[in-house]
Amino acid sequence: MSEFWLISAPGDKENLQALERMNTVTSKSNLSYNTKFTIPDFKVGTLDSLVGLSDELGKLDTFAESLIKRMAQSVVEVMEDAKGKVQENLLANGVDLTSFVTRFEWDMAKYPVKQPLVSVVDTIAKQLAQIETDLKSRTAAYNTLKTNLENLEKKSMGNLFTRTLSDIVSKEDFVLDSEYLITLLVIVPKPSYAQWQKTYESLSDMVVPRSTKLIAEDNNDGLFTVTLFRKVIDDFKIKAKENKFTVREFYYDEKEIKREKEEMTRLLSDKKQHYGPLLRWLKVNFSEAFIAWIHIKALRVFVESVLRYGLPVNFQAVLLQPHKKSSTKRLREVLNSVFRHLDEVAAASILDASVEIPGLQLSNQDYFPYVYFHIDLSLLD
């Protein structure tokens, strides 16, 4: 499972023994894989400042998680033609996310622990805010290119009634620059091809004989040319409609067709040029944002542990990785029972319906007498 529980308990002898009991039970019952999660000592400051930091870190945690989800989604969208390789680009410090979390070490160079806690938090907040600003501007530019390209490509899709004809017709299909003659394009249902060939010359006066030619087809219809005198256009359109032939409004403009093709070429080139730099930026900054997020989790554990367990700072953090979704309820019961002594009054009202295992009283209800935070990497799959 790509889910982790980050907990802490006081670091005194009694609670270290409780942690050992937890490790023994979870291992024997195959509930989770547990490892120590090392968090450095920070400059604590006042308890009042920690209360404020607790609230700020909660908001920053939510923001960071949202940001990395958006960045992961951006990678998926950019790698539209290679979605099978998305996970290769969602790494942290060059390793997969699970490995980074389980082997977490505080980055002393990036977030010096000698600074006040509020400064460390401020550094991370500014870093993530800058990444978000850059993400918005970079993806907006790329998405504009992508949307414009898709709109042009859509014009080449669909049936003969709606799609662009600029990539179908050629200059040779038309009588151009004539004062008297004009070439029209007519959509004819496939079952009516024979009828069209027999009747088009008589749909109106002044239709040029043998001037029709099939130049394109879709699943249901064909596109024919027909040349006639300009002054009978309206009459021809009426008669064609009566026979279920549709005159497609189209004016051959060589300059416009050339401009449209050049625009398509330019957009394809621009998208290709933006693709590499954007993907590299996303890869690097997804890593930075994810690393910052796990540092935020560590900070939250530290702050909440000090607020709950008091000074001097003395606690042990542990990272648990549940083996499977179906075992999380049982794992929660084990933890609640092992650490019930941390809040006897509340625990007494919760742990009343229990299940016996050697040395433990297990409740079927959720209760957190210990510091607990959740890390769910499945949201990034």
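Glu-217 stands opposite Gly-222 of strand S5 in this predicted model, and Leu-214 has Phe-224 as its bridge partner in S5. Strands S4 and S5 (residues 221–229) pair in the antiparallel sense over four bridges. They belong to an open sheet of four strands, ordered S4-S5-S3-S6 with antiparallel pairing.

- From one strand to the next, the twist averages 40°.
- Helix H6 (residues 233–242) packs on the sheet and touches strand S3 (181–189), S5 and S6. The direction of H6 makes about 150° with that of S5.

**Salt bridges**

- Side chains of opposite charge can pair when their charged atoms come close. The count of salt bridges in this model comes to 19.
- Glu-3 forms a salt bridge with Lys-325, with the closest N and O atoms 3.7 Å apart. This pair links distant parts of the chain, 322 residues apart: Glu-3 is in strand S1 (residues 3–10), while Lys-325 is in the loop between strand S7 (315–322) and helix H8 (328–338).
- Glu-3 has a relative accessible area of 7% and is therefore buried, whereas Lys-325, at 59% relative accessibility, counts as exposed.
- Lys-213 and Asp-173 meet through their side chains in a salt bridge of 2.9 Å, N to O. Lys-213 lies in strand S4 and Asp-173 in the loop between H4 and S3, so the pair ties together parts that are 40 residues apart in sequence.
- Within that pair, Lys-213 counts as partly exposed at 40% relative accessibility, and Asp-173 counts as buried at 11%.
- A salt bridge also joins Asp-235 and Lys-239, whose closest N and O atoms are 3.9 Å apart. Both residues lie in helix H6, four residues apart, which is about one turn of the helix.
- Asp-235 is partly exposed, at 34% relative accessibility; Lys-239 is likewise partly exposed, with a relative accessible area of 31%.
- Asp-61, Lys-297 and Arg-300 are linked in a network of salt bridges.

**Nonpolar surface patch**

- Leu-47, Val-51, Leu-307 and Leu-311 make a nonpolar surface patch of about 340 Å².
- Of these residues, Leu-307 is located in helix H7 (residues 254–309). Its relative accessible area is 32%, so Leu-307 is partly exposed.

- Tyr-111 is placed in the loop between helix H3 (97–102) and helix H4 (117–155).
- With 1% relative accessibility, Tyr-111 counts as buried, because the limit for that class is under 20%.
- Leaving aside residues up to four places away in sequence, Tyr-111 touches Trp-106, Val-120, Thr-123, Ile-124, Gln-127, Ala-292 and His-295.
- Tyr-111 and Met-206 are 95 residues apart in sequence, and their C-alpha atoms are 85 Å apart in space.

Terms used:
Residues are numbered from 1 along each chain as its sequence is written. This is a predicted model: local features need pLDDT of at least 70, side-chain atom pairs count only at pLDDT 80 or more; totals for chains, interfaces and linings use all residues. Side-chain values use heavy atoms; hydrogens and water are left out. Two strands pair if DSSP finds at least two bridges between them. Helices (H or I, at least four residues) and strands (E, at least two) are DSSP runs, numbered from the N terminus. Axes are lines fitted to C-alpha atoms, for helices over the stretch in contact, and angles run from 0 to 180 degrees between N-to-C directions. Contact means heavy atoms within 4.5 Å. Patches are made of residues with over 30% relative accessible area and no salt bridge: like charges are joined within 9 Å, nonpolar side chains (Val, Leu, Ile, Met, Phe, Trp, Tyr) within 5 Å. Accessible areas come from the Shrake-Rupley method with a 1.4 Å probe; for residues, only the protein chains shown count as cover. A salt bridge is a side-chain nitrogen of Lys or Arg within 4 Å of a carboxyl oxygen of Asp or Glu. Buried means under 20% relative accessible area, exposed over 50%, partly exposed in between (1.4 Å probe, protein chains only).
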